[in-house]
Structure formats: structure tokens, C-alpha cells
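Okay, thanks everyone, let's get going.

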Amino acid sequence: MERLSSPHDMQQWANDQRRSGRTVAFVPTMGFFHPGHLQLMEYGRSRADRLVVSLFVNPLQFGPGEDFERYPRDEERDLALARGAGADVLFSPSPEDLYPVHFQTHVTVEKVSRGLCGASRPGHFRGVATVVLKLFHLVQPHWAIFGLKDYQQYVVIRRMVEDLNLDLEVVGRPTVREPDGLAMSSRNVYLSPEERRSALALSASLKAARERCRSGERRAAVLLEDVVRRISGEARARLDYARIVDPETLDDTDLIRDKAVLILAAWVGKTRLIDNGFLEGNPDCPA
Ligand code: AMP
């Protein structure tokens, strides 16, 4: 596995692959790998001739007072895990590499960035879209693999790729969970044992809503009421939002018909966690 940090070297490498007719899969990450990340890498590995993993904690997607400084980092461990997952390149630029002093160009994906996490984290998806577009230009992948755990991010990136006619396919992969249901996240290390227990209310409420929906309750308001009750019932948890939305437009759904995703965010202690699940429709082909 090669380790690259200069954008120029990364682009050179990608140009060489394209010239040689090799296909490239790309997994963008902020590091501190867990099985959710590794699953994306394994999928990319199986799909293309070459696999690139990027590791970049992107300052542009963190708001003031968020956890950019203390975001968990362990580059040596990540290096070993990416190598084990069969990556050909680990690309880890510095913030100065990607955002030199005169940097001033940003990408705004408008409507789908606005609500949900976009409302609670102003500027977050502008930071995500900007860095992901830059990374796409450097890595020039045929496939870019994203986790459906960050569902709104997945929709934002798909929209950007379509709107800007980027020549690549965005692939979404299912959320990898702990055995008790908690969605794996680099931020789970922030949780105390008590908070870890309270955090289970997120996945448990999703599961209960899915079961109730499948047994015939199609009214979004009724299902959401139960989610709010379950999460508010946890002493250490505070719900940010819970919505049932169309998987492509992210518009609210009142009555669940053929496609709907329940998407939520909650604070557990000082940690903000997100989760989501399809109530109806095929998560492998959401749009
Ligand atoms: P992050 O390092 O948190 O920015 O995540 C990098 C990629 O891994 C994103 O596409 C995430 O959606 C994905 N990811 C993170 N956690 C999980 C998980 N538990 N299951 C599947 N994918 C995940």
C-alpha cells in the first residue's frame, strides 16, 4: 500500500491508473476506522482494480464549538487496517494541502442540505460537498463508496454528482451495527458506559418503528410519536430531530407508501449521534 499526502501525487497516481485502463474505487473517510469503514473498503476492493482510501478530518465540515479538535485520531492503526482491507493507496493530505491560504471556492447542494442535520449544523454539508468534490478530482474514481449511516450525506453527494455531471457512480452500503444494534461510529468512543446504554434508544426506536410500520401502521406522525417518547424517556439523551422522509428528496412523508426512511439525530451527553433506517423500500437502491 502506498501512502500519499500531496494532492499533486494523488492526481498523478490517478492519471496513471486511468491511462493504464484500470478501474478505481474510492472510500473517503475521517479515519479512526471501525468495521463500518472496513466494510466499505472490502466492497470497493471487490469492485475495482484499485482501491483508494482517504483519511482527512475535514475542518470545513465542523462548526464552531464542534469536535474538530478532539475528533478521535489514530493514524498508525488506520494505516494497518487499510492495508489489511487491501487498499492500494491511503491518501492523507493536511488541511493546508487541501485549503491553501487563498482558498475560497465552495460547493453548495441546496435543498437536500437544508433540513435535518443541515438545520442543526449550518455549513456542514457545504464543507462535505466541497471536500468530496476536491477528493473526486484528485482520486478520479469510477466508484465512490459511502455508508448509508450518514444518509443525508449520501443523498447530498448523489445530488452533487448528478447535478455536476461527474463521471462516477456513488454506491451506498448498509449501516454496520454493534451486536446490540448501536450504529458503529468513530464518535462512540466519547460515550461513557451509561451513555452507551442510553444510546441504544436510537436503534431500538428505529427497529420498533419498522416493525410497527410492517404490521400496518402507515401514519408517520404516529410512528414518530413513539420514537420521540422512547428517546425522550432516556435520562442522558436529547432528541435533535426524528423525521420520516422520502429517500431521494428528503421531504417529509405523512403517509408511508412505497419508499420511506426514518432519520434521526440525538445528543447523548455531549455526543451527537445519528441513525436511520428504511421503513419501506429497498435500502440498496434508495433513490
Ligand atoms: P466517517 O469517517 O465517519 O466520515 O465515515 C466515512 C464513511 O464511512 C462514510 O461514508 C460513512 O457513512 C461510513 N460509515 C461510518 N460509519 C458507518 C457504519 N456504521 N456503517 C456503514 N458505514 C459507515
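So, start with Phe-32, which sits in the loop between strand 2 and helix 2. Helices here are DSSP runs of H or I with at least four residues, strands are E runs of at least two, and both are numbered from the N terminus. Before I go on: this is a predicted model, so local features need pLDDT of at least 70 and side-chain atom pairs count only at pLDDT 80 or more, while totals for chains, interfaces and linings use all residues. Residues are numbered from 1 along each chain as its sequence is written, and side-chain values use heavy atoms, with hydrogens and water left out.

Back to Phe-32: its phi is positive, about 55°, although it isn't a glycine. For background, most residues other than glycine have a negative phi.

What does the side chain of Ser-186 reach? It gets to the backbone oxygen of Phe-32, at 3.3 Å. That's a polar contact, meaning a pair of N or O atoms within 3.5 Å; within protein, one must be able to donate a hydrogen and the other to accept it, and residues adjacent in sequence count only if both atoms are side-chain atoms. Ser-186 counts as buried because its relative accessibility is 5%, where buried means under 20% relative accessible area, with a 1.4 Å probe and protein chains only.

Now, the ligand. There are 19 residues around it, and His-37, Gly-147 and Asp-150 are among the closest; the cut-off is a heavy atom within 4 Å. A polar side-chain atom of His-37 is 2.9 Å from a ligand oxygen. For Gly-147, a polar backbone atom lies 2.8 Å from an oxygen of the ligand. With Asp-150, a side-chain N or O atom is 2.6 Å from a ligand oxygen. And the protein covers 94% of the 480 Å² of accessible area that the ligand has on its own, by Shrake-Rupley with a 1.4 Å probe.

Which element gives the largest share of that shell? Helix 2, with four residues. Helix 2 runs over 35-47, and its buried residues include His-37, Leu-38 and Tyr-43. Those buried residues pack against strand 2, strand 3, helix 3, strand 5 and strand 6, with contact taken as heavy atoms within 4.5 Å.

Note on methods: Buried < 20%, exposed > 50% of the residue type's maximum accessible area, 1.4 Å probe, protein only.
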